[in-house]
Amino acid sequence: MSSPTASAVDDLPLTGESLALDLVNTTFIQGGARGALVDALREPADLDHWLRTRSADFGEPLRPLLDDGAPATRFHLDRYRELRAALRDLAAATVSGTTPPPGTVAAVNAAARLSTGWLELDPDRPGVRIPRWTEPDLHLVALGEVAAAAVALFTGPSAGQVRACPAPDCILYFVKSHARREWCTSACGNRVRVARHSRRHREPGAGEPPAEPATGRRTEPAA
């Protein structure tokens, strides 16, 4: 794979989720409510960089090959972007409790089949096993593992904990890993709290006691 260069992959605001959600989250809003949409997978080198940063989450036989294999091409990048779009639709359907479009399901299933593999005995080295896949292109095998991770996530016990970040203008998804987690990141939570504080202070009379009605005379305390 190509050597790492400066990439928006290094600026992803949220990582460490399922492989499926991490791929979805390679598009994000940078700069808050008035920010710009960022696509971290703009070039094939960005895809390779993302795969390297997540290599520990792929199957053991694939990990060293992701580091040392041939570089990604524009074809590979387009395939990952297509799967990303399908996974975003799948995540949105899961969060809303609706049925995902048939095309979305078909796209994820087709990609998941690419991860089909097995181990063989090395005929020249006793006791050594060799990984084989039905798909010879390792970038597509990795694509298949991302799709397979999506199947596991959206049909498993964590499916009900998938959340869309409720912060305005955030488009990230996460698994609610503990009861108090509300936002995708603490940065989104802080931004929302600051916005709420600012709104309260902009409201007329915020923080001041209600004024007495103008009666033209002083009100005496009750005896």
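These notebook entries record what I looked up in a predicted model of one protein chain.

**Conventions.** I number residues from 1 along each chain as its sequence is written, and I use heavy atoms for side-chain values, leaving out hydrogens and water. Since the model is predicted, local features need pLDDT of at least 70 and side-chain atom pairs count only at pLDDT 80 or more, while totals for chains, interfaces and linings use all residues.

**Overall fold.** I found 7 helices and 6 strands in the protein chain; these are DSSP runs, helices being H or I of at least four residues and strands E of at least two, numbered from the N terminus. Along the sequence I read the pattern α-β-β-α-α-α-α-β-β-α-β-β-α. Of the 223 residues, 39% count as buried, a term for under 20% relative accessible area, with exposed meaning over 50% and partly exposed in between (1.4 Å probe, protein chains only). The accessible surface comes to about 13100 Å², and 54% of it belongs to carbon and sulfur atoms; I note that the areas come from the Shrake-Rupley method with a 1.4 Å probe.

**Arginine 84.** I located arginine 84 in helix H4, residues 74–96. Is arginine 84 buried or exposed? It is buried, at a relative accessible area of 9%. Setting aside residues up to four places away in sequence, I listed the residues that arginine 84 touches as Leu23, Val24, Thr26, Thr27, Asp39 and Leu41; contact means heavy atoms within 4.5 Å.

**H4 against H6.** I then examined helix H6, residues 138–155, which packs with H4 at an angle of about 5°, the axes lying 10 Å apart. The axes are lines fitted to C-alpha atoms over the stretch in contact, and angles run from 0 to 180 degrees between N-to-C directions. The two helices are therefore roughly parallel, the class for angles under 35 degrees. Among the residues that meet, I noted Phe75, Leu83 and Leu87 in H4 and Leu140, Val146 and Phe154 in H6.

Key
Parallel < 35°, antiparallel > 145°, perpendicular 65-115°, else oblique.
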